[in-house]
Amino acid sequence: MSGPEENIPRHIAIIPDGNGRWAESRGLPRNEGHRRGTEVMRDVIEAALELGVSSVTVYAFSMENWGRPSDEVDAIMSLLRRYLRRERDELAAKGIRVRAIGRLDMLDADLVEAIREVERSTEQGSDMRLTFALSYGGRTEIVDAVRSLARDVASGHLEPDAIEEKTLGARMYAPDVPDPDLLIRTGGEHRISNFLPWQLVYTELWISEALWPDFGPDELREAVRLYQQRERRFGRTGAQARGGS
Ligand code: IPE
Ligand code: IPE
Ligand code: MG
């Protein structure tokens, strides 16, 4: 049996859902839920760092979220910008390396600037990788990866028959980050909503009924504890998985 300190998921992916419902159930504007959501983010990231998780990827804004009312989109964007500016120095001090993935060209220039600043300030961080998926779509990521391979084929630098899973995987937005071991989705929905479809094929899923603003370090630790009880078989038999052969 492995102890609690062992078998910590190397990479946790998070879908922080439920901000709107949290606010609406209190008679507050949805944007107040998003504001509370950014506060929760810092505590959960800190708890992941303390657990020894080496990578966290957060779904901050999906391609589909562009279809929300423009005042909500604007509010989320300005909260993200403020969050990145406010947290930048502390993230750097904690040894957390931050990156953003997605169609960042669709974002306002001042948000892109805040992203680049936090990426620059934290690039020496070696204790944890924190990746924000924003303006991110999983199918868009695969399309972008395929386009990149197709360009190499068209220019004669790549043979179609040389394309393997790892060739395509290497063209994803963050190919140096291992696939997630654990996906946590708050807000109770049982779907992945276009988040990391390529990378999640063997990820353990944990759906929390808690709305994101009610999620916290205790819930994160509970999710990790339950993850540690799972048997990951990767298509093999239980005996093979336990024997490690
Ligand atoms: C998730 O919370 C945050 C983003 C999509 C940016 P929601 O805003 O989707 O909250 P619900 O699901 O409507 O409660
Ligand atoms: C997923 O939540 C996206 C983020 C948390 C950023 P959504 O609220 O957009 O997902 P659906 O619409 O319920 O599938
Ligand atoms: Mg939602």
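User: Which conventions apply before we start?

Analyst: This is a predicted model, in which local features need pLDDT of at least 70 and side-chain atom pairs count only at pLDDT 80 or more, while totals for chains, interfaces and linings use all residues. Residues are numbered from 1 along each chain as its sequence is written, chains are lettered from A and ligands numbered from 1 in the order in which they are written, and side-chain values use heavy atoms, with hydrogens and water left out.

User: How many residues does α7 have, and what does it span from end to end?

Analyst: Helices (H or I, at least four residues) and strands (E, at least two) are DSSP runs numbered from the N terminus, and the expected span of a helix is 1.5 Å times one less than its number of residues. Helix α7, residues 217-228, has 12 residues and reaches 17 Å from its first C-alpha to its last, close to the expected 16 Å. After α2 comes G52, with a positive phi near 95 degrees.

User: Which residues of α7 are buried, and where do they lie around the helix?

Analyst: A residue is buried under 20% relative accessible area, exposed over 50% and partly exposed in between, with a 1.4 Å probe and protein chains only. In α7 the buried residues are L220, A223, V224, Y227 and Q228. Seen down the axis of α7, they fall within an arc of 140 degrees, so they line one face of the helix; the arc is that of the directions from the helix axis to the C-beta atoms. Their cover includes β1 (11-15), α2 (30-51), β5 (182-185) and β6 (204-207). The buried residues of α2 include G33, H34, G37 and T38.

User: What does L182 touch?

Analyst: Contact means heavy atoms within 4.5 Å. L182 is found in strand β5 and is buried, with a relative accessible area of 1%. Not counting residues up to four places away in sequence, L182 touches, among others, A223, V224 and Y227, which are among the buried residues of α7. The C-alpha atoms of L182 and N7 are separated by 12 Å, although these residues are 175 apart along the chain.

User: With which side chain does T57 make a polar contact?

Analyst: A polar contact is a pair of N or O atoms within 3.5 Å; within protein, one must be able to donate a hydrogen and the other to accept it, and residues adjacent in sequence count only if both atoms are side-chain atoms. T57, in strand β2 (residues 55-62), is buried at 3% relative accessible area, and its side chain makes such a contact with the side chain of H11 at 2.8 Å.

User: Which residues surround ligand 1 and ligand 2?

Analyst: A residue is near a molecule if one of its heavy atoms lies within 4 Å of it. Around ligand 1 are, among others, D17, N19, R30 and R68, and a polar side-chain atom of R68 lies 2.7 Å from an oxygen atom of this ligand. Taken alone, ligand 1 exposes 380 Å², of which the protein buries 86%; accessible areas come from the Shrake-Rupley method with a 1.4 Å probe, and for residues only the protein chains shown count as cover. Ligand 2 is surrounded by residues including D17, R68, R185 and S193, and an oxygen atom of ligand 2 is 2.6 Å from an N or O atom in the side chain of S193. The protein covers 77% of the 390 Å² of accessible area that ligand 2 has on its own.
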